[in-house]
Amino acid sequence: MKIDRERFKELLKEKGLKMTRQRLVVLEVLAENPEQHLTAEDIYERVKAANPDIGLATVYRTVQLLLELELIDRINLDDGFVRYEIGDIMGKKQHHHRHHHLICLKCGRVCAFQEDMLEALETGVKEALGFRVTDHEVKLYGYCRDCSEKEKRENQEEWNMEQKKLYRSATNR
């Protein structure tokens, strides 16, 4: 995803701030890794590779600023880490609905999906309760395709072993 540097500069100027190389590089790291769900430490490691003079505290301050500007989103995947992902960097969305996450309980893989199936629910909530939903976050827990297929193979192998034991005991009588 490409950063509109002029738009970023405008957003900073509106807040009385200047565009700095550090701010730009942190935003670029997140924009270049849209599906990565990076921690501040992950961002720091990627920034440091190209800019060894940037410190972790600078990354934390920059992440906080980008959150306040609503350019990035904070996400909690229930793994004990606060993670970040690129948000609405152009500031053009009227409803800011993030993508949602599928979290595998076995391997921990996190997959994003864009389908927003809650619009009908939001409309119903507004009509019934007068509550206007402006955002939501969905995390679905279960087993990814790889883990499901592995478990299926393991269960099949276990069943086959049991069948062989039963056959042997029946033929040895």
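Reply: Helices (H or I, at least four residues) and strands (E, at least two) are DSSP runs, numbered from the N terminus. This is a predicted model, where local features need pLDDT of at least 70 and side-chain atom pairs count only at pLDDT 80 or more, while totals for chains, interfaces and linings use all residues. Residues are numbered from 1 along each chain as its sequence is written, and side-chain values use heavy atoms, with hydrogens and water left out.

Me: By about how much of a helix are Arg 7 and Glu 10 separated?
Reply: The two residues form a salt bridge, with their closest N and O atoms 3.7 Å apart. A salt bridge here is a side-chain nitrogen of Lys or Arg within 4 Å of a carboxyl oxygen of Asp or Glu. Because Arg 7 and Glu 10 are three residues apart in helix α1, their separation is about one helical turn.

Me: How many salt bridges are there by this rule?
Reply: Side chains of opposite charge can pair when their charged atoms come close. One of the pairs is Glu 28 with Arg 5, whose closest N and O atoms are 2.9 Å apart. This pair links distant parts of the chain, with Glu 28 in helix α2 (residues 21-32) and Arg 5 in helix α1 (residues 5-14). The count of salt bridges comes to seven.

Me: How many residues apart in sequence are the parts that Asp 53 and Arg 21 tie together?
Reply: Asp 53 forms a salt bridge with Arg 21, the closest N and O atoms being 2.9 Å apart. Asp 53 lies in the loop between α3 (40-50) and α4 (56-68), and Arg 21 lies in helix α2, so the parts tied together are apart in sequence by 32 residues.

Me: Is Asp 53 buried or exposed?
Reply: Buried means under 20% relative accessible area, exposed over 50%, and partly exposed in between (1.4 Å probe, protein chains only). The relative accessible area of Asp 53 is 55%, so Asp 53 is exposed.

Me: How many disulfides does a search of the whole structure find?
Reply: A disulfide is a pair of cysteine sulfur atoms within 2.5 Å. The search of the whole structure finds zero. For Cys 104, the nearest cysteine sulfur, that of Cys 107, is 3.7 Å away. For Cys 147, the nearest is that of Cys 144, at 3.6 Å, and Cys 147 is in no disulfide, in keeping with the total of zero.

Me: Is Cys 104 buried or exposed?
Reply: Cys 104 has a relative accessible area of 5%, so Cys 104 is buried.
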